[in-house]
Amino acid sequence: MSELVGAIDQGTSSTRFMIFDGDGAVVAMDQQEHSQIFPRPGWVEHDPVEIWERTTSVIERALAGAGITVSELAAVGITNQRETTVLWDRKTGEPVANAIVWQDTRTADLCTELAGEAGVERYRSRTGLPLATYFSGPKVRWLLDTHDLGDRARRGELAFGTIDSWLAWNLTGLHVTDVTNASRTLLMDLVTTTWDSDLALEIGVPTHILPEIVSSVGEIGECHGPLEGVPLAAMLGDQQAALFGQACFAPGEAKNTYGTGNFMLMNTGNQPVTSGSGLLSTVGYRVGGQETVYALEGSIAVTGSLIHWLRDNLGIITTAEDVEDLAASVEDNGDVYFVPAFSGLFAPYWRPDARGVIVGLTRFANKGHIARAALEAAAYQSADVLQAMTTDSGVELSELRVDGGMTTNGALMQFQADLLGVDVVRPVVAETTALGAAYGAGLAVGVWPGLDEIRGLWAEDTRWSPQMPDGERARLHARWRRAVERSLDWA
Ligand SMILES: Nc1ncnc2c1ncn2[C@@H]1O[C@H](COP(=O)(O)OP(=O)(O)OP(=O)(O)O)[C@@H](O)[C@H]1O
Ligand SMILES: [Mg+2]
């Protein structure tokens with residue numbers, strides 16, 4: 001049997017197709033960005049048809065570039081930006097509107113209305129989630145209401161899915177979602193891992209339009225089109241895929257991914273742990289018919305996308321990498337702090353009323369300080385989340401596994417280690433999101449016999465150890481907390 005496994009990584013900013021060999025090494029890869037559509041302040045959309053076209057294109061280009069034919073792939077996995085909501089016509093396969101992206105805040109009023117007197121925690125015991133604009137359920141309701149589609153939905157003419165479902169539908173014709181993606185809808189019971197019809201009724205989503213929930217790892221169906229004949233054998237939300245790709249298979253093991261946003265997940269074993277500190281309880285993964293593995297998650301909406309904002313909206317850098325030199329042009333942050341609450345603040349604050357602020361400006365400050373503050377914001381937000389994680393789990397991490405595009409920035413990773421007071425460790429394959437989906441698919445078809453073999457493939461590349469004195473760490477973090485206060489109560 002071939003040992004090559006493919007992974008579609010459909011992210012917020014771009015789509016990748018990657019091919020890995022039996023050692024978990026990258027054999028081929030192609031990547032393309034797609035349009036970010038901002039119709040109004042706070043609204044973020046993607047075109048689902050464009051996403052499918054990009055997906056087809058990166059698959060074809062990666063295969064052609066490496067001289068590999070589809071028949072050489074043992075299996076393929078999908079990993080995806082989570083919560084982003086697509087509604088399409090079952091007959092024609094046409095989306096009824098653009099996808100509403102996870103960062104979009106248009107459902108703020110709807111969420112307030114749904115929360116009512118019971119408040120935003122009303123669904124936490126059933127779903128593990130606070131009622132927030134982040135999640136899919138209210139986005140579906142918004143689409144149905146706005147486009148007057150309630151009747152068509154009730155007649156079963158429409159299908160809802162997050163991006164995993166949308167891609168699986170286009171590849172296999174099946175209407176499925178995996179349990180990790182389903183756990184982000186506010187519609188799934190976290191313990192039974194089935195749709196909760198009471199929740200669906202309350203949020204206003206007819207159950208007819210919901211996909212079938214499947215395990216994250218296991219043969220789902222056969223692909224057509226660009227992956228003709230290849231088994232689709234894994235689907236995982238991108239952050240859960242990174243947890244899998246970092247081989248965090250034991251309770252207490254955690255990773256932090258630095259992409260468009262930052263997402264820290266800790267494996268909590270076969271029980272969901274309820275957070276009292278602003279984290280989410282979510283499904284980590286489920287392998288075939290085995291017990292579900294849960295995770296605690298700290299989601300941060302804006303980290304890497306702030307560097308893109310410096311590039312695209314301020315124009316003070318021309319490529320994301322340029323931020324390194326600009327930030328290094330100043331000695332320190334000059335007491336400037338940037339709280340990038342562009343979609344409100346997610347974990348651990350959950351404040352939809354927050355908006356972005358830059359504080360501490362004086363005549364001394366320059367664009368170097370702003371670049372520095374933008375980078376440091378990723379580290380400060382991660383430190384807030386790690387504190388919450390320690391409180392909720394009772395686990396003191398001895399080191400933090402990291403991955404994602406921002407981890408190429410060594411100065412940032414050193415600052416992160418300094419701020420956390422624990423070692424920060426990056427593995428050889430930093431594309432852990434795609435790797436996790438490939439591991440899942442390969443596991444399902446027998447490329448890897450079990451999780452132990454996958455764990456054995458994890459290899460350390462770089463380690464950053466804390467060098468900052470405790471007093472300085474505490475001083476900086478206290479300044480950051482004051483800056484966060486300045487961002488609240490604006491929208
Ligand atoms: N040298 C750098 N320093 C800091 N940030 C960087 C650097 N290079 C890239 N980035 C940031 O890293 C991010 C890209 O990371 P990554 O490739 O992991 O994201 P992604 O997987 O494409 O995101 P998504 O999955 O959300 O589409 C970009 O937002 C970019 O601004
Ligand atoms: Mg990604």
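Ligand 1 and the spaces in the model

Trainee: Which helix gives the most to the shell around ligand 1?

Mentor: H10 does, with four residues, where a shell residue has a heavy atom within 4 Å of the molecule and helices (H or I, at least four residues) and strands (E, at least two) are DSSP runs numbered from the N terminus. Keep in mind that this is a predicted model, in which local features need pLDDT of at least 70, side-chain atom pairs count only at pLDDT 80 or more, and totals for chains, interfaces and linings use all residues. Residues are numbered from 1 along each chain as its sequence is written, chains are lettered from A and ligands numbered from 1 in the order in which they are written, and side-chain values use heavy atoms, with hydrogens and water left out.

Trainee: And how many residues surround ligand 1?

Mentor: There are 22, the closest being Ser13, Arg16, Thr260, Glu324 and Gly405; by class they are six nonpolar, 13 polar and three charged, with Ala, Val, Leu, Ile, Met, Phe, Trp, Tyr, Cys and Pro counted as nonpolar, Asp, Glu, Lys and Arg as charged, and the others, Gly among them, as polar.

Trainee: Which side chains have an N or O atom by a nitrogen atom of ligand 1?

Mentor: For Glu324 the distance is 2.7 Å, and for Asn409 it is 3.1 Å, each a pair of N or O atoms within the 3.5 Å limit for a polar contact. The protein covers 88% of the 640 Å² of accessible area that ligand 1 has on its own, by the Shrake-Rupley method with a 1.4 Å probe.

Trainee: Where does ligand 1 sit?

Mentor: In the largest pocket, on the criterion that more than half of its atoms lie within 2 Å of the grid points. On a 1 Å grid over the protein atoms alone, a pocket is an open set with protein on both sides within 12 Å along at least five of seven lines, a cavity is a set of points where a 1.4 Å probe fits but cannot get out, and lining residues have an atom within 4 Å of a point.

Trainee: What volume does the largest pocket have?

Mentor: About 990 Å³, taken as the space filled by probe spheres set on grid points joined across faces, edges and corners. Of its 43 lining residues, Arg16, Tyr258, Gly259, Thr260 and Gly405 are closest to its centre.

Notes: A polar contact is a pair of N or O atoms within 3.5 Å; within protein, one must be able to donate a hydrogen and the other to accept it, and residues adjacent in sequence count only if both atoms are side-chain atoms.
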